[in-house]
Amino acid sequence: MADRKTHRRMTSAEQVRRSEQNHGGGHYAAPSRTPRTTSRSASGSARHVASRSEGVDSYVSRRRKKRRGRVLRVLLVLFLVAFVGVGTAAAAYIIRINGTFQEDVTDEIRAQLTEPVEMQDPFYMLLLGVDKSEGRAQDWGDSSSNFRSDTIILARVDAPSQKVTLVSIPRDTLVDMGSNGERKINDAYSIGGGAYMMEVVEDFSGVDITAYAEVDFEQFTAIVDAIGGVEVTLPIAVSDRLAAVDLPAGTQTINGAQALGLCRARHAYDDYGGGDFYRAANQRMVIGAIIKKILTLDPVSMVNAVSTLAGSVTVYPLTVTDIVSLAVQFQNFDVDTGFYSGQTPTVSTYTNNIWYELPDESGWREMMERVEAGLPPYADESQDFTHGVAGSIGVSSGDGSVEEDESSEDGATFSGSVLVLNGTSVSGLAASKSTELEGAGFSPYADSASSMDHTTSNVYYNGSARSSALGVAQTLGIDESHVSENTEGYSTEYDVVVVLGTDVTN
């Protein structure tokens, strides 16, 4: 862990007092560091004041001479992970909307993020979900001082290793903000917006944040609907009247409104303790489910998803080249094995009628050391108390190794990346066959072949992936005699390439 760094602070006492009013009014007193070890319950949860104070002067940050990255909207990258295969039409589309993505960037963030993200190396981005909506902005004003970041996620993006790690930081986490005192970490946004929040999270985590994202989870409604819903697995039923969600336990496909409700639901977990923790786990699951679904979409559907996102996404100063470069590196991303997830270990305490989360310092250091090393956040599954209650996707614990899939008697395996090319004039054939392959355990990507007159389907494998090619053939009902090494010039970025003919259209 790096040494804690000195923040740039606001010096106006009036600004601090107003921010304290945002916190709930009156004089702020830091809680005693003697934690209460009992779990948080709904009956004891602190009630957050709904009213907001007047806006404070904007937080002005100085440029630092250390490496910084460009503003990067996390969902944009996730939605474009498999976008490269679309071709020149997609490139033109991205250029056209590039200006839209670069709107609404504050001067403070511009001052911090002055250098390109080195995408060939692992980098960190801060993902914020702010309690700002169109209605609230009209009532309270657009100033960041009127809002807090209810969702705080530190993301590590490692394209060379095909890994994405999300670590949620509870909004009630008590941190030292120097001259602004000890406060809940989500106060940082109301004090100085996203720029100051980056400063505070960097200090807390001990890593350099080189990218920034701000997402309103209300956007999930249109986004999820645009991609035809996402599949989630819920260990228990999730019913929360305030979040407007009522979902049964089990694996199911949910629409945008249900995804939004799942990302908001807290009271569905009243019997298990602090609902914020379980809600955060569900948010990470939904993000992973969106990535997983996008990787199976045909190019037209991907374009539609990006178009839906463009009106409410800010990117600065990410270029088309940057996007394509990252997308190329993530073409073979497997959510089930490369998506890591966890949250800051804390202990709950109730002081001055307010709940706080006190960081488990040693546990937090251990977690960040694992994240820095490219490992899942938890050493052992037992460290994740949301396991078996909240939803999950990908990997949260262990050494990151992938168990070998069981092989059938003829040597077929059912894992690996597959490029599915539609060699017929049958619309949607590659997408439907990709769904079959995903259900069997593969990570497919659907596209069109260069010609549409194929009558016989063929499966080609790259390198030593013959066993995966046999599994693809079995799944799609293609005869083993049509499985061969890729010497036809098809992409070598995938384990297997399957060219669909009319023999699999029935």
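Predicted model: local features only at pLDDT ≥ 70, side-chain atom pairs only at ≥ 80, totals over all residues.

The axis of H8 comes within 7 Å of the axis of helix H9 (residues 275-294), and the two cross at roughly 145°. On the H8 side the contact involves Ala 259, Leu 262, Cys 263 and Arg 264, which meet Arg 279, Asn 282, Gln 283, Met 285 and Val 286 of H9. By class, the residues of this contact divide into five nonpolar, two polar and two charged.

## Salt bridges

The model contains 10 salt bridges. In one of them, Asp 150 pairs with Arg 171, with the closest N and O atoms 3.2 Å apart. Because Asp 150 lies in strand E2 (residues 149-158) and Arg 171 in the loop between strands E3 (163-168) and E4 (174-176), the pair ties together parts that are 21 residues apart in sequence. Asp 150 is partly exposed at 26% relative accessible area, whereas Arg 171 is buried at 9%.

Another salt bridge joins Lys 184 and Asp 172, with the closest N and O atoms 3.2 Å apart. Lys 184 belongs to strand E5 (residues 182-184) and Asp 172 to the loop between E3 and E4, so this pair connects parts 12 residues apart in sequence. Lys 184 is buried, with a relative accessible area of 3%, and Asp 172 is buried as well, at 2%. Salt bridges with shared partners also join Asp 150, Arg 171, Arg 266, Asp 276 and Arg 279 into one network.

Notes: Residues numbered from 1 in each chain as written. Heavy atoms only, no water. Axes fitted to C-alpha atoms, helices over the stretch in contact; angles between N-to-C directions. Helix = DSSP H or I, 4+ residues; strand = E, 2+ residues; numbered from the N terminus. Contact = heavy atoms within 4.5 Å. Nonpolar A, V, L, I, M, F, W, Y, C, P; charged D, E, K, R; others polar. Salt bridge = Lys/Arg side-chain N within 4 Å of Asp/Glu carboxyl O. Buried < 20%, exposed > 50% of the residue type's maximum accessible area, 1.4 Å probe, protein only.
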